[in-house]
Amino acid sequence: MKIREFHVHPNLPPELGPLQEIAMNLWYSWNWEAVQLFIRLSPDLWEKSYQNPVLMLGSLSQEELEEAARDDSFVANVKRVHQHLADYLKAPGWFREVHGGEEGCKIAYFSAEFGIDEGLPIYSGGLGVLSGDTLKSASDLGLPLVGVGLLYQKGYFRQVLSLDGWQQELYPDNDWYNMPVTIERDGEGKSLRIEVDMAGEKVRARIWRVQIGRIPLYLLDTNVEENSPRGREITGTLYGGDREMRIRQEIMLGIGGVRALRALNLAPTVFHMNEGHSAFLALERIRAHMEEHGVSFAEAREQVVASNVFTTHTPVPAGNEQFATELMRKYLSKVAEKIGLPWQEFLGMGQLASGKTPDFGLTVLALRSAAHTNGVSRLHAETSRKMWKDLWPGLPESEVPIHSITNGIHTRSWLSHEMGDLFTRYLGPRFVEKPADHSVWERVETIPPVELWRTHEGRRERLVFFVRDRLKTQLTRQGAGASMVQAAEEVLNPEVLTIGFSRRFATYKRAGLLFRQPERLVRLLDSQERPVQIVFAGKAHPQDTPAKEIIKSVIQFASDPRVRHRLVFLEDYDINVGRYLVQGVDVWLNTPRRPQEASGTSGMKAAANGGLNVSILDGWWSEGYAPDTGWAIGSGEVYKNAEEQDQFECEALYNLLENEIIPLFYERDKGGLPRGWIDMMKSSMRKLGATFNTARMVEEYAERFYLPAHRAGVRLAKEGFASAKELSAWRSRVAAEWSRVSIRVDGAKPAGDLLVGSRVAVTVRASLGALSAGDIAVEVYYGMLDTAGEVRNGEIVRARHEGREGKEEIFRAEIPCQVSGRFGFAARILPRNPDIVNPLTPLLLTWE
């Protein structure tokens with residue numbers, strides 16, 4: 001049977017024409033006035049269409065559309081919102097205002113998932129939501145940025161729970177023709193295609209575009225007729241399949257993504273790898289430079305490394321993507337041939353020199369291929385430096401060049417519209433224009449306590465009604481009895497202290513910590529005077545059986561008649577469920593095993609809405625916590641014994657709940673207001689909202705990474721890669737001579753004791769072989785000594801060159817004595833060249 005395809009689009013009356021443009025730009029997802037347009041058309045259909053305006057417009061009858069077109073008030077609102085979108089798109093933005101002179105700067109942001117809105121389900125959790133929030137803030141700030149990812153036909157799984165609590169997975173197909181995505185076409189109107197070799201099979205992918213304000217997001221789709229069934233499955237499921245499917249997906253993302261940009265006639269000057277999934281892009285960029293510019297691997301690599309940015313998100317070694325060498329040979333041997341590397345040297349780009357594992361690691365490849373690298377919180381950067389220090393042998397751990405840029409949230413995407421109205425009234429328009437401006441957030445103090453509390457109570461009530469409706473639907477689908485379904489109408493109480501716990505269920509997140517003392521928990525939930533209620537939600541990875549068991553245990557505990565009205569587990573956690581939770585809870589609970597939480601952002605969303613955090617001092621909370629912004633479980637200890645840690649921190653959590661959190665919530669003045677609680681809400685919103693947002697985060701990336709990477713990449717590539725060739729030749733010459741380089745400190749340690757304020761003079765003699773003093777830098781590393789006699793968290797003083805004596809170059813430095821204690825220092829030498837962006841990658845370093 002031969003099927004001929006055709007497409008049908010909504011027949012919008014001319015008066016409603018702008019609705020199509022609004023629906024096709026995800027700008028609507030963080031603009032309540034735009035969302036209201038679609039709700040006004042049909043509240044029921046808005047929910048049934050999964051808050052997808054494209055599907056909704058296509059589902060309305062022609063009579064309903066014509067009726068709306070005759071409504072002058074509605075048409076006027078459509079025109080007003082459409083004008084706001086047009087004004088937004090034309091506004092210059094922060095980047096042009098502050099960095100307008102950076103001609104040609106273009107950033108390509110690669111991620112395996114993007115969580116932009118519930119109507120486009122191509123995300124699984126935190127990484128995707130962060131990527132989506134990043135693109136939204138990049139749009140707000142006017143960054144010249146494009147996103148690159150994969151368009152998963154089935155997205156991530158939909159979670160279905162049995163009555164006894166066992167998770168099952170469903171994989172419904174996404175209908176792209178009823179979603180806010182558009183096929184990119186060539187000059188002849190044909191869909192734009194790229195091609196990638198997959199172990200000898202030519203796999204083709206078409207390119208779709210999602211518009212997020214001013215930012216285009218390009219997504220590759222291999223579900224095309226020309227491909228084999230295996231080829232079409234590559235973009236089938238997010239994080240699905242076996243190891244072979246994962247490497248195929250990541251080749252398509254990294255290599256295919258770079259080719260897609262070229263097919264679109266886009267020439268980014270900066271490439272940002274958001275997690276290691278896209279690390280193969282470095283190899284494709286090198287190959288393309290070699291082919292198009294006639295440069296060597298080493299010359300191309302200089303330019304690529306200088307203009308690559310890498311953000312790592314995983315604080316445990318096992319969580320970083322690795323592939324067996326056999327799989328690498330099957331899929332990447334031709335790439336190695338094209339860039340002219342012997343196979344073992346090629347493998348070495350992704351292997352640890354220590355030989356701890358023969359597998360090829362994408363995080364290792366990314367770290368070696370980017371001059372600008374970071375973790376997503378200060379603690380995570382510290383953890384990452386410890387984890388990856390073997391890539392920089394001989395370098396003190398504190399100097400490993402993995403920096404920190406702490407994650408944030410796109411505040412307007414997560415703020416309830418009621419709280420947004422309150423902010424507009426008291427914080428003013430600068431809250432929208434300058435969401436990272438601390439002076440704007442200081443105005444939270446001007447919000448009358450009664451207005452803030454009533455707004456928050458309203459959102460808690462909406463959360464309760466949402467939970468009841470969702471639970472009824474869940475129980476009906478599960479085949480529960482009529483009495484259980486009816487009882488769902490009475491779960492939770494809009495006036496009770498409400499705790500939220502929702503996230504990806506993994507064992508290190510310890511969702512079961514509260515349940516270690518079940519009777520104590522029952523007493524809190526069933527209290528007649530000061531009750532507590534808890535809402536859980538979250539998905540376990542399909543292959544993570546221990547995490548599924550945790551979900552099952554929570555649901556079975558919730559079936560206890562004593563607590564079933566106060567403890568609920570909602571199935572199928574997604575952006576919509578998460579939004580209701582962070583906007584309505586009083587307390588956001590987070591119990592990861594430190595330091596395994598890279599950042600976390602859900603607590604930031606709750607804080608912006610007035611929720612208070614109670615959390616382990618891990619991830620972002622190790623920076624955000626203060627006694628007036630929430631509560632810390634423990635003091636940041638790291639335990640060797642997990643059982644001991646769970647026991648201690650469970651006790652600490654209950655002590656906080658019983659002695660501080662619950663009493664403060666229920667302590668009311670004569671007007672019924674919890675004044676102490678409201679004071680803490682204000683302090684949390686004011687301090688945390690100003691800092692933990694993606695406006696601040698994207699500005700940091702732009703100024704610390706993107707602009708330096710752009711300038712370095714352009715400089716190295718101009719005039720036929722002249723500077724890259726010179727730098728590569730210089731690096732080869734230095735490497736050849738390095739075995740002849742040595743240094744020694746002239747003289748013994750300083751005589752006698754020193755006083756604070758004095759300085760220690762250090763003279764260093766360097767033998768450089770055929771190198772000159774201009775090829776190297778001599779540094780003195782100093783700091784306080786620990787009990788083992790090692791310098792910890794030392795500082796660097798650059799020694800100045802003062803001439804030559806015989807065959808030795810003379811360098812001198814002074815160490816400032818700023819505090820008392822036992823100190824030590826050591827001298828070292830490393831290459832120096834003004835064109836090197838990161839002098840520590842790759843590392844040549846010699847100590848005395």
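Tutor: Being 4 residues apart in helix α30, Arg704 and Glu700 are separated by about one helical turn. Please keep in mind, as we go on, that this is a predicted model.

Student: What is the distance, N to O, at which the side chains of Arg704 and Glu700 meet?

Tutor: Side chains of opposite charge can pair when their charged atoms come close. Arg704 is partly exposed at 37% relative accessible area, and Glu700 is partly exposed as well, at 22%. Their side chains meet in a salt bridge, and the N to O distance is 2.9 Å.

Student: Over what arc around the axis are the buried residues of helix α2 found?

Tutor: Helix α2 covers residues 32–41, and its buried residues are Ala34, Val35, Leu37, Phe38 and Leu41. They lie on the same side of α2, because the arc that they cover around the axis is only 145°.

Student: Which helices do these buried residues of α2 pack against?

Tutor: Several helices meet the buried residues of α2, and they can be given with their residue ranges. The buried residues of α2 pack against α1 (18–23), α3 (43–48), α4 (53–59), α5 (62–69) and α6 (72–90).

Student: How far apart in space are Ser767 and Lys807, C-alpha to C-alpha?

Tutor: Ser767 has its place in strand β22, residues 759–767, and is partly exposed with a relative accessible area of 23%. Leaving aside neighbours within four places in sequence, Ser767 is in contact with Arg740, Val741, Ser742, Lys807 and Glu808. Although Ser767 and Lys807 are 40 residues apart in sequence, their C-alpha to C-alpha distance in space is 6.6 Å.

Student: Is Glu779, the salt-bridge partner of Arg798, buried or exposed?

Tutor: Arg798 forms a salt bridge with Glu779, and the closest N and O atoms are 3.7 Å apart. Arg798 lies in strand β24 and Glu779 in strand β23, so the pair ties together parts that are 19 residues apart in sequence. Arg798 counts as partly exposed at 45% relative accessibility. Glu779 has a relative accessible area of 9%, and with the limit for that class set at under 20%, Glu779 is buried.

Student: Which strands hold Glu802 and Arg812?

Tutor: The side chains of Glu802 and Arg812 meet in a salt bridge at 2.7 Å, N to O. This pair ties together parts that are 10 residues apart in sequence, with Glu802 in strand β25 and Arg812 in strand β26.

Student: What is the accessible area of the nonpolar patch formed by Met784, Val819 and Phe823 together?

Tutor: Phe823 has its place in strand β27, residues 823–831, and counts as partly exposed at 38% relative accessibility. Met784, Val819 and Phe823 form this patch on the surface, and together their accessible area is about 270 Å².

Note on methods:
Residues are numbered from 1 along each chain as its sequence is written. This is a predicted model: local features need pLDDT of at least 70, side-chain atom pairs count only at pLDDT 80 or more; totals for chains, interfaces and linings use all residues. Side-chain values use heavy atoms; hydrogens and water are left out. Buried means under 20% relative accessible area, exposed over 50%, partly exposed in between (1.4 Å probe, protein chains only). Helices (H or I, at least four residues) and strands (E, at least two) are DSSP runs, numbered from the N terminus. The arc is that of the directions from the helix axis to the C-beta atoms. Contact means heavy atoms within 4.5 Å. Patches are made of residues with over 30% relative accessible area and no salt bridge: like charges are joined within 9 Å, nonpolar side chains (Val, Leu, Ile, Met, Phe, Trp, Tyr) within 5 Å. Accessible areas come from the Shrake-Rupley method with a 1.4 Å probe; for residues, only the protein chains shown count as cover. A salt bridge is a side-chain nitrogen of Lys or Arg within 4 Å of a carboxyl oxygen of Asp or Glu.
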